[in-house]
Amino acid sequence: MSKNRYSSKTPRLLISAGTGWSATTPLLYTLTISNKYCHPGYWKESEYLSSIDGPAHQKYLDKYKEENSTAEKDRIRNEGEAISWNKHPDISVHSKYITLSKQDKINWMTPPFTIQKYCHFYRNHWLGLQEHSEYQAVADFSNANFSLPEEKIKKVKPFIDEWFDAKVIMIFRDPVRRLFSEFQARYYKSHFGRVYPNAMSYLTADLERIISEDCKYIEHYKKWKKYFPTHPIVMEEFWEGETENLSNFLDFKINEIWNNCYWPECGKDAPEYEGLSDQYESDRENMTPQFYKKVKDKLLPQYEAWYNEFGSLPKTWGKHIYL
């Protein structure tokens, strides 16, 4: 079925492929709230592609069901009030930008999860946006997209290409700082203080096997680039105002950038911007220079892979920085 069957325009789909703890939330807010370029639907992450042909991510299914059963007056607060992670009125089950029916919502969250349902959902959402908003694209900002297996990307590509003009963006942060934010979030959420005195000791204890998929920037970048137009974003540079490359990639001028707790690098003293509790609740410690060097030495192959791919490192990467 042709992607142009229901519209003279080709629907645009923007897929964000991570990485976690690299400001994916303020990047979404930049493109969705500040600049009205793309809209993700119910909220930032559905984990839908990673659920295809496999078990669904139950926490997201439970969130859909809970939020759909919540009355709109209880769900959406005034924009002037403090907002928590992904609770902005523009990005919610009851968003004014969603015109999908209740049955569409039920179908979306009900197994089996298929690429056909994925494309159908975003195509219908895009059509609604064209009638009722200025948004130019729909978006999937699931961080799980970063480590999606190549065989699954290859499998879904023909369906996505049939329905959409699809592009992929990948945001990257200094590997040591990103990893430390991730382990702090784990440490404080799981109350590991009974075993380790701080998150640095927790990460150090696991240092020999912590090179997770989220550290392998170039491996995953090449995987996505092989199948879709893919643009890398360096978090630190983007929030220093270097937005032109992304604007050119999207063919859309980015005029305003949402706040970011992770940059400038302030560690535990980062500002608590509304809507970004997932950021400021993760960073509760300042790492020492010795700790930074120890983790950097372990991650050195990842810095080298970046250099080999792009010819240079971002200027703040590989340095112990608190501003």
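I began with Leu-14 and found that this residue stands opposite Ala-139 in strand S3. I note here that the model is predicted.

**Strand S3**

I looked up S3 next, which covers residues 137-140. Ala-137 and Ala-139 point one way from the strand. Val-138 and Asp-140 point the other way.

**S1 beside S3**

I then asked how many bridges join S1, residues 12-16, to S3. There are three, and the two strands run parallel. Besides the pair of Leu-14 and Ala-139, I wrote down Ile-15, whose bridge partner in S3 is Asp-140. I also looked at how well S1 is covered: four of its five residues are buried.

**S1 beside S4**

S1 has another partner in my notes, strand S4, which spans residues 165-172. S1 and S4 are joined by five bridges, in the parallel sense. I looked for the partner of Leu-13 and found Ala-166 in S4.

**S2 beside S3**

Strand S2 consists of residues 38-39. I found it paired with S3 over two bridges, again in the parallel sense.

**Cis peptide bonds**

I turned to the peptide bonds and noted a cis bond between Gly-18 and Thr-19, with omega about 5°. Thr-19 sits in the loop between S1 and helix H1, residues 24-34. I noted another cis bond between Pro-111 and Pro-112, where omega is also about 5°. Pro-112 belongs to the loop that lies between helix H5, residues 102-109, and helix H6, residues 115-132.

**Positive phi**

Where is Lys-36? I placed Lys-36 in the loop between H1 and S2. Its phi is near 55°, a positive value in a residue other than glycine. I wanted to know why Lys-36 counts as buried. The reason is its relative accessibility of 17%, since buried means under 20%.

Asp-251 lies in the loop between helix H12, residues 244-250, and helix H13, residues 277-280.

Technical notes
Residues are numbered from 1 along each chain as its sequence is written. This is a predicted model: local features need pLDDT of at least 70, side-chain atom pairs count only at pLDDT 80 or more; totals for chains, interfaces and linings use all residues. Side-chain values use heavy atoms; hydrogens and water are left out. Buried means under 20% relative accessible area, exposed over 50%, partly exposed in between (1.4 Å probe, protein chains only). Two strands pair if DSSP finds at least two bridges between them.
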